[in-house]
Amino acid sequence: MNSLSHHWGRTQKYNSYTKSDHETWRRLYHNAHMTLDGRAHEIFYQGLRAFGISSFEIPRFKEVNKKMQKYGWNVVGVKGFLPIEVFGDYISRRLFPVGVSIRQNNQEYVAEPDTFHDLFGHVPLLVNPDYRNFLEALGCRIIKWHSNKFTIDGIDAAEVYTRLLWRIIEVGVIGSKEDPKILGAAILSSPVETRWVFENAKVIPFTNRVLSDSYREDSVQPYYCRINCLQDMKSILCSIDNNDFLNNETKTG
Ligand SMILES: [Fe+2]
């Protein structure tokens, strides 16, 4: 096991989940799915089906991995909120870290990613090659930063990559202005945030300029960023590589 991530790995002890944990999964899944009401990007629904992630019970990581085999990725159990270099290490090796514990007490928001957020919000999107390639490529850049610290347009590169993950992978919106769909895992796994995005939120086209803004994780966002299509993710990464960062030229959406 790699030295960066070996402290964080955990085995999914499936028999440790209680009846109440499975009920929590079912309730969260049902609420999120109903609230999305078809407004997630199509790859999300494809991924739920392809990886066997259903409302029935908390999925077994082993079973998910059997179905992910042909896509070249695996899920791995973790505990805790991973530092950026640890998350980068996992995804650079095509391993998606999934929290082994599930939230208690009907919480809508959890600071530490849990099985529901990771498995329902993130993992289904790995069915798409553009999404997978983006994560792997971003992971490689994070590892490069970890071994040889560098900045991008004067900002610590880890901060830029963290903000990019946030703006696209956690709270991203995708598609046309007239028919936006949800891409970000934090929205997909939160009915409150899904409603907020569709009813009240300001959605702006993604530009690299937003990467100079910090953000808050513990509330809905003052604005969300929209990319046009999944292929945009690669061009955004290339534009950051080229230090084309605060320029307005890298506008998508
Ligand atoms: Fe997440």
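**Walking through a predicted fold**

Residues 24 or more positions apart account for 64% of the contacts in the protein with a separation of 6 or more. Keep in mind that this is a predicted model.

Trainee: How many helices and strands does the protein have?
Mentor: Both kinds of element are here, and this is a predicted model. Going by the count, there are ten helices and eight strands.

Trainee: What is the radius of gyration, and how does it sit against the globule rule for 253 residues?
Mentor: For 253 residues the globule rule gives 18 Å, and the protein comes close to that, so it is as compact as a globular protein of that length. Along the principal axes, the C-alpha atoms fill a box of roughly 50 × 45 × 35 Å. As for the radius of gyration itself, the value is 17 Å.

Trainee: In what order do the four strands of the open sheet run?
Mentor: Start at the edges: β6 (180–182) and β7 (202–205) each pair on one side only. The pairing in this sheet is mixed, and neighbouring strands are turned by 40° against each other on average, direction ignored. Put together, the order is β6-β5-β8-β7.

Trainee: Which residue in β8 is the bridge partner of V173?
Mentor: Look at strand β5, residues 173–175, and strand β8, residues 223–227. These two pair in the parallel sense over two bridges. The partner of V173 in β8 is R226.

Trainee: Is helix α4 mostly covered or mostly open, and how many of its residues are buried?
Mentor: α4 spans residues 84–92 and is mostly covered. Its buried residues are V86, F87, G88, D89, Y90, I91 and S92. Of the nine residues in α4, the number buried is seven.

Trainee: Does G184 count as buried or exposed?
Mentor: G184 lies in the loop between β6 and α8 (185–188). The cut-off for buried is 20 or more other C-beta atoms within 10 Å. G184 has 28 C-beta neighbours inside 10 Å, so G184 counts as buried.

Methods: Residues are numbered from 1 along each chain as its sequence is written. This is a predicted model: local features need pLDDT of at least 70, side-chain atom pairs count only at pLDDT 80 or more; totals for chains, interfaces and linings use all residues. Two strands pair if DSSP finds at least two bridges between them. Axes are lines fitted to C-alpha atoms, for helices over the stretch in contact, and angles run from 0 to 180 degrees between N-to-C directions. The radius of gyration is taken over C-alpha atoms; the globule rule is 2.2 Å times the number of residues to the power 0.38. Two residues are in contact if their C-beta atoms, placed from the backbone, lie within 7 Å. A residue is buried if 20 or more other C-beta atoms lie within 10 Å of its own, exposed if 12 or fewer, and partly exposed in between; C-beta atoms are placed from the backbone.
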